[in-house]
Amino acid sequence: MSSSRKKEPPVIPVIGQGGDSSREEQLRQWEESERQRREQQAAAAAPSLPAAVPAQPVSPPVLPAEGVLDTSADTPAPLVTVREVPGYLEMPAYTEPDSADPSERLEFYSRGILAVQYAARANHERADQQKLIGLGLRLRAMKEEELHKVAGFDTFGDLAEDRFGIKKHQANNIIRVTPVAQALEHITTQELKERPLRILVPILDTHGESAVRETWQEASRHGNVTDKALIQAANFLGYAPPKELTTGDEKKTDKPSSAASEALKAVERIRALAETDLARARQEAQELESAVRELLEELAGNLE
């Protein structure tokens, strides 16, 4: 006859019952035995650590958000070291003004609010910059290692969209500009948007990281770094081919092809729609832009 007796927890000694002072020593012994038991269980469950890293059986090691792997021959397992990313601002602490004058107190608190807003905005931009780099490095690794096959997907694009909600053209663009973002993270804490950085990709490939940084710094002379500012800076520094210029006497005699005419019609239709429904016009313009990007990737042979 099988009995389903419930497992009884270990008896915990209680101090102060019956006036017996030996209970306290019993409790200490019990706590020590329990501690040793937990340490043994943690050591048996945890993977073996390299000799260079001291074992931490009770408190599990905290892994950094970003790390680099040290694969030297002396270490049997990779070591994770913290990757320093400077540029974040400490949020100003709250303090009260020394003055009792209401006007001065208002001015003091106002400066504090502006300082908090500035730090939050700066840290947000730096975080977005590091997000772009963090995504790009991982997406590139998954694509190069063809890990979509392990997950049962036909293409890398299918994996990116299904798992992370990133369309293939967007994932490829992020991968393409990641080396540019890495070249710039040392000279700016600003948010690095994927689209303007595409202009710097051929400059990186042809002239290297120093040319990318020089172009960015030249473009930043005019304030906000835009696509147009980067193009002008690249042309000024000689890192981009000059635009082909036509004389004023030359006339365009070729009529646009039927395909070009249809494309222009689509643009004009969206422009006309903007006069009555701006939100809908923006949505259709974004859809058209996405379709054009996909087409350009197909023409460039980027699709797998």
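## Working through a predicted helical chain

Residues are numbered from 1 along each chain as its sequence is written, and side-chain values use heavy atoms, with hydrogens and water left out.

**Exercise 1. Find out which element has the lowest mean pLDDT and which the highest.**

Step 1: pLDDT is the predictor's confidence in each residue, from 0 to 100. The protein chain averages 75, and 66% of the residues score at least 70.

Step 2: Go element by element. Strand β2 (residues 79-82) comes lowest with a mean of 41, while helix α7 (residues 209-219) comes highest with 94.

Step 3: Check the surroundings. Over residues 49-83, pLDDT stays under 50, and the model has 32 contacts there beyond four places in sequence; a contact means heavy atoms within 4.5 Å.

**Exercise 2. Describe helix α4 and work out how α4 packs against α7.**

Step 1: Helix α4 covers residues 168-184, so to speak 17 residues, and spans 24 Å from its first C-alpha to its last, close to the 24 Å expected. The expected span is 1.5 Å times one less than the number of residues.

Step 2: Look for a kink. α4 bends by about 40 degrees at threonine 178, with proline 179 following within four residues. The bend is the angle between axes fitted to the seven residues ending at a residue and the seven starting there.

Step 3: Take the packing. The axes of α4 and α7 lie 9 Å apart at an angle of about 70 degrees, which makes α4 roughly perpendicular to α7 (65 to 115 degrees).

Step 4: List the partners. Val180, Ala183 and Leu184 of α4 meet Glu209, Val212, Arg213 and Trp216 of α7.

**Exercise 3. Is asparagine 123 buried or exposed, and what does asparagine 123 touch?**

Step 1: Asparagine 123 sits in helix α2 (residues 102-144).

Step 2: Its relative accessible area is 17%, so asparagine 123 is buried (under 20%; exposed is over 50%, partly exposed in between, with a 1.4 Å probe and protein chains only).

Step 3: Leaving out residues up to four places away in sequence, asparagine 123 touches Gly87, Tyr88 and Leu89.

Definitions and conventions: Predicted model: local features only at pLDDT ≥ 70, side-chain atom pairs only at ≥ 80, totals over all residues. Helix = DSSP H or I, 4+ residues; strand = E, 2+ residues; numbered from the N terminus. Axes fitted to C-alpha atoms, helices over the stretch in contact; angles between N-to-C directions. Parallel < 35°, antiparallel > 145°, perpendicular 65-115°, else oblique.
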